[in-house]
Amino acid sequence: MPTPSLAALPIRRLTLRDLTACADLSEDRGWPREEHKWGFLLTAGRGYGIDDPDGGLVSACVVTEYGPQDRPDLGAIGMVLVAERHARRGIGRRLMRHVINAMGTTPLTLHATPNGRPLYEELGFKATGRAEMLRGHFRRGPSAPDVATRAATAEDLAAIVRLDEEVFGVDRTHIITRLPAFTDQLRVAEANDRIVGYAGAWPNMDTQVVGPLIARDTATAKALIASLAAHTDRPLRTDIDVRHEELLAWAKDHGLASVAFNAVMTYGISELPGDWTRRFAPLTVAAG
């Protein structure tokens, strides 16, 4: 039988049963398999993909929605991948247009690599910021941070959800409540018996990714990163909003090196909601 054209292959919703195929697709493009992250995104968000008649996936992406379930306030697009053997044939554009149409009037955001940015600009996304990826073994400084931190408990979850919505600008309860199971570490910063910041560190291949990182100020963000680093032997990786220049300089002074820059892009809104001054790093660039 003749192989159907790529344009005729249907786009379908992905489920957790597609985890291995998604990881295979990542590996095909030279990315880490990232099965832990794929599993999180496929359960917390909505995956879209195109099946390859010869097996596996032609393409995939995931959308994580925030706000009311029936009318989300924001959708974050991530993990947009096309198999190498099918690259540069318009498949990524077709999948993205499908997702944009499926999301209707919901504002969208994504982190774009330099290679992906031209496609997203063609589709109507605008660059509204940048994030710098850092990676390395954290070196402790001579003095202890001034802000008290500790491991989060189940009793902290409601306060973390409230703080996160205040800073992020939309409700992420379905994401935040998954963090205790997803992360290796979840820590909070306190002042005057009140939680003023929180951060997670989750396993990704040979690193621990720091994110989300929400803090009342730079000193609190530093204390949270240092506390996470103190409880792991793995290198840290994180993506920090470039406007947080002091935190970036401090992290580099403590052993983290710049790896790459991604453009933060939006569709349907001129800038992201919330308070960027307290939003230092995303959970993952795939989910905002």
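Student: Let's start with Glu84: buried, exposed or partly exposed?

Tutor: Glu84 is partly exposed, at a relative accessible area of 36%. For the cut-offs, buried is under 20% relative accessible area, exposed is over 50%, and partly exposed is in between, using a 1.4 Å probe and protein chains only. Keep in mind that this is a predicted model, where local features need pLDDT of at least 70, side-chain atom pairs count only at pLDDT 80 or more, and totals for chains, interfaces and linings use all residues. Residues are numbered from 1 along each chain as its sequence is written, and side-chain values use heavy atoms, with hydrogens and water left out.

Student: OK, which residue forms a salt bridge with Glu84, the closest N and O atoms being 3.1 Å apart?

Tutor: That's Arg29, with 3.1 Å between the closest N and O atoms. A salt bridge here is a side-chain nitrogen of Lys or Arg within 4 Å of a carboxyl oxygen of Asp or Glu. Arg29 sits in the loop between α1 (19-28) and α2 (35-44), and Glu84 in the loop between β4 (74-82) and α3 (91-103), so the pair ties together parts that are 55 residues apart in sequence. Helices (H or I, at least four residues) and strands (E, at least two) are DSSP runs, numbered from the N terminus. Arg29 is partly exposed too, with a relative accessible area of 29%.

Student: And what does Arg88 do with Glu84?

Tutor: Their side chains meet in a salt bridge, 3.2 Å from N to O. Arg88 counts as exposed, at 70% relative accessibility.

Student: How many salt bridges turn up in the whole structure?

Tutor: A search of the whole structure gives 23. One of them pairs Glu122 with Arg93, at 2.8 Å from N to O. That pair links distant parts of the chain, with Glu122 in helix α4 (residues 117-122) and Arg93 in helix α3, 29 residues apart. Glu122 is partly exposed at 47% relative accessibility, and Arg93 is partly exposed at 28%. There's also a network: Asp24, Glu27, Arg33 and Glu35 are joined into one by salt bridges that share partners.

Student: Switching to helices. At what angle do α1 and α2 pack?

Tutor: About 130°, with the axes 10 Å apart. Axes are lines fitted to C-alpha atoms, for helices over the stretch in contact, and angles run from 0 to 180 degrees between N-to-C directions. That angle makes α1 oblique to α2. On the labels, under 35 degrees is roughly parallel, over 145 roughly antiparallel, 65 to 115 roughly perpendicular, and the rest oblique.

Student: Which residues of α1 and α2 make the contact?

Tutor: From α1 you have Leu19, Cys22, Ala23 and Ser26, and from α2 Glu35, Trp38, Gly39 and Leu42. Contact means heavy atoms within 4.5 Å. By class, the α1 and α2 contact has five nonpolar, two polar and one charged residues. Ala, Val, Leu, Ile, Met, Phe, Trp, Tyr, Cys and Pro count as nonpolar, Asp, Glu, Lys and Arg as charged, and the others, Gly among them, as polar.

Student: What about α8 and α9, what's the angle there?

Tutor: Helix α8 (residues 218-229) and helix α9 (residues 245-253) pack at about 30°, with axes 10 Å apart. That makes α8 roughly parallel to α9. Thr218, Ala221, Lys222, Ile225 and Ala226 in α8 meet Glu246, Leu247 and Trp250 in α9.

Student: Now Leu213, buried or exposed?

Tutor: Buried, at 0% relative accessibility. Leu213 lies in strand β10 (residues 207-215). Setting aside neighbours within four places in sequence, its contacts include Ala221, Leu224, Ile225 and Leu247. Pro212 is in strand β10 as well, and a cis peptide bond joins Gly211 and Pro212, with omega about 0°.
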